[in-house]
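Work through the exercises below with the sequence and the coordinates side by side, and try each task before reading its solution.

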Amino acid sequence: MAPNSVAVTMEKPDNFSLLEINGSDPSAFPDKRKSISPKQFSWFLLLKAHRVVSCLSWLVSSVKKRIAFSAKNINEEEDPKSRGKQMYRFIKACLVISIIALSIEIVAHYKKWNLDLINRPSWEVYGLVEWSYMAWLSFRSDYIAPLVISLSRFCTVLFLIQSLDRLVLCLGCFWIKFKKIEPKLKDESIDLEDPSSFPMVLVQIPMCNEREVYEQSIGAASQLDWPKDRILIQVLDDSDDPNLQLLIKEEVSVWAEKGVNIIYRHRLIRTGYKAGNLKSAMTCDYVKDYEFVTIFDADFTPNPDFLKKTVPHFKGNPELGLVQARWSFVNKDENLLTRLQNINLCFHFEVEQQVNGVFLNFFGFNGTAGVWRIKALEESGGWLERTTVEDMDIAVRAHLNGWKFIYLNDVEVTCELPESYEAYKKQQHRWHSGPMQLFRLCLPSIIKSKISVGKKANLIFLFFLLRKLILPFYSFTLFCIILPLTMFIPEAELPLWIICYVPIFISLLNILPSPKSFPFLVPYLLFENTMSITKFNAMISGLFQFGSAYEWVVTKKTGRSSESDLLAFAEKEEKLHRRNSESGLELLSKLKEQETNLAGQETMKKSLGGLMRPMNKRKTNMVFKKELGLAFLLLTAAARSFLSAHGLHFYFLLFQGLSFLVVGLDLIGEQIS
């Protein structure tokens with residue numbers, strides 16, 4: 001028998017499980033795992049490429065349909081002729097350059113050109129295309145790469161400084177928890193048996209066209225546990241809808257009939273937005289009789305014991321100007337967008353506000369759910385209409401005048417988060433353009449103020465520059481512009497710790513205050529980079545005083561906290577319109593009676609819209625061009641990274657590009673009806 005032969009003997013022909021194999025040469029049995037031939041591997045790659053092309057073709061067709069469907073719905077903000085014209089052109093230029101570079105790199109990849117080509121003698125270069133590629137490599141390494149490397153190093157330094165700031169804030173929060181530090185009353189609490197010992201408190205509810213939430217905010221403020229003769233509620237209505245004004249007046253009348261000290265106030269000249277509304281209300285003669293003022297936006301519903309938990313902190317503490325409560329969100333689990341917002345705001349309140357309140361006695365007023373000493377407002381200049389962040393403005397001026405702030409993390413006031421990306425984007429634009437306006441205006445006052453040098457440094461370098469300017473600058477520049485460009489400039493390639501390890505660590509720190517959000521770590525990281533384009537654009541417009549920096553758009557509310565009462569509310573609304581038209585409460589003429597009834601029916605339909613959406617009413621999605629431009633830029637860079645087998649760079653660019661694409665097509669959050 002040949003040495004490599006194998007004898008197989010069957011003892012039971014009907015049972016193939018019993019076999020005896022004679023032969024001890026293991027070389028006769030090759031490994032079961034067969035090596036893949038180059039031809040099979042090529043077919044495998046072609047199959048994968050076919051699937052990728054199919055997905056991309058479907059994606060492109062979906063984008064075309066969405067753009068065609070939404071062409072009439074693109075608002076002024078997304079129009080290239082509006083404020084985003086320069087930014088949109090810049091993104092398009094980067095996209096065109098990246099596509100051209102990708103085409104060249106694909107040709108070079110299949111022709112097996114490499115970086116050694118630049119070292120070859122010129123007489124060994126054949127063809128115009130090959131010579132052009134060699135010239136591009138030389139120009140890239142001599143001129144472009146040094147510039148990109150310098151910019152990336154600068155942004156990396158800013159990134160590390162901001163990451164260190166986050167780490168220090170978290171350590172401060174851990175110290176507060178470990179030592180159980182919390183604001184304590186300096187004097188005995190208010191005598192609950194003696195109503196005359198309660199200070200006079202003014203409650204202000206500024207609103208503007210808040211149809212969905214006005215009833216719940218007025219109701220919550222009217223049920224605050226405080227002596228009726230020691231409290232006055234001002235409903236400051238800036239609505240331009242006569243029907244809505246009528247409804248709000250009637251709601252105020254209902255609570256006034258129950259013995260609540262509440263008044264309705266409407267401005268004839270609506271200037272200055274919220275700041276103008278509050279400023280006008282503070283000019284009333286009766287305000288001088290009150291010691292404190294608390295402010296609630298229209299979607300905020302405080303608990304009845306809110307004043308008893310906040311106002312006593314002023315007693316025996318004459319330097320205290322503000323007591324700020326924490327926000328909680330009734331719709332934080334409504335969709336992915338609200339979950340991601342909840343992560344950011346939980347970190348803001350749990351860490352930033354609490355640490356700054358404990359160690360510095362200063363933080364930015366949140367504009368609502370806070371109690372001010374009226375004397376502090378007056379000495380600081382009152383409400384000013386010069387920026388869109390009047391709350392931060394008055395807080396900075398009060399801090400410069402020596403007033404101290406207290407933050408109460410255990411006192412919560414429920415409110416709503418924006419459920420659509422369009423509403424959230426407009427809100428974030430206002431929140432990030434206003435601080436830059438304020439920084440330009442307040443910088444001379446900060447320098448000339450009598451506060452300590454440490455407090456001046458905190459205001460200028462930490463409060464304004466680091467957290468309001470540097471953060472949106474480096475996050476957009478480093479992760480949305482430099483990173484995709486480095487795929488075409490290998491000399492400037494960013495290390496993994498910049499694009500992966502440090503961002504994940506910082507995201508973990510941000511999620512710590514909301515531990516239930518850990519499953520959303522990766523979406524949160526991608527979404528924060530996606531929002532950087534909006535924040536960067538807002539920061540630039542505020543810093544250089546572009547027209548969009550002065551825009552004020554009321555954040556759209558849905559009335560989630562009172563959705564269960566919508567049916568009863570709609571019936572009540574219809575009765576009010578009928579009664580008012582019959583009694584002539586608003587001196588409506590008989591000729592307009594039919595129009596009023598029709599308006600009442602339309603109002604009822606709008607009120608029921610959140611609970612009973614008409615089946616024949618389609619939701620329309622916006623198209624955000626800047627986000628779409630960045631999506632294709634990042635996906636183009638991901639394709640280039642795939643050719644170079646960059647690994648984590650490829651996956652980061654791919655998922656970040658898809659994140660921009662989802663946001664650009666308005667597929668996150670609730671769509672606008």
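Predicted model: local features only at pLDDT ≥ 70, side-chain atom pairs only at ≥ 80, totals over all residues.

**Exercise 1.** State how many helices and strands the protein has, and what share of its residues count as buried.

*Solution.* Begin with the secondary structure, which comprises 18 helices and nine strands. Turn next to burial, where a residue counts as buried under 20% relative accessible area; by that criterion 51% of the 673 residues are buried.

**Exercise 2.** Find which residues UniProt lists under "transmembrane region", and describe the spans 494–512 and 623–643 in the model.

*Solution.* First consult the record: the unreviewed UniProt entry lists residues 90–110, 459–488, 494–512 and 623–643 under that heading. Then examine residues 494–512, a span that is 84% helix and 0% strand, with its end C-alpha atoms 28 Å apart. For residues 623–643 the corresponding values are 90% helix and 0% strand, with 31 Å between the end C-alpha atoms.

**Exercise 3.** Characterise how helix α13 (residues 496–511) and helix α18 (residues 648–664) cross.

*Solution.* Two packed helices are described by the angle between their axes and the distance between the axes. Here the axes of α13 and α18 come within 10 Å and cross at roughly 65°, which means that α13 is roughly perpendicular to α18, given that this class covers 65 to 115 degrees. As to handedness, α13 passes α18 in a left-handed crossing. At the residue level, Leu496, Ile499, Cys500 and Tyr501 of α13 meet Leu648, His649 and Phe652 of α18.

Definitions and conventions. Residues numbered from 1 in each chain as written. Heavy atoms only, no water. Helix = DSSP H or I, 4+ residues; strand = E, 2+ residues; numbered from the N terminus. Buried < 20%, exposed > 50% of the residue type's maximum accessible area, 1.4 Å probe, protein only. UniProt positions renumbered as here; feature names shortened; annotations may be inferred. Axes fitted to C-alpha atoms, helices over the stretch in contact; angles between N-to-C directions. Parallel < 35°, antiparallel > 145°, perpendicular 65-115°, else oblique. Left-handed = near helix turned anticlockwise from the far one by under 90°. Contact = heavy atoms within 4.5 Å.
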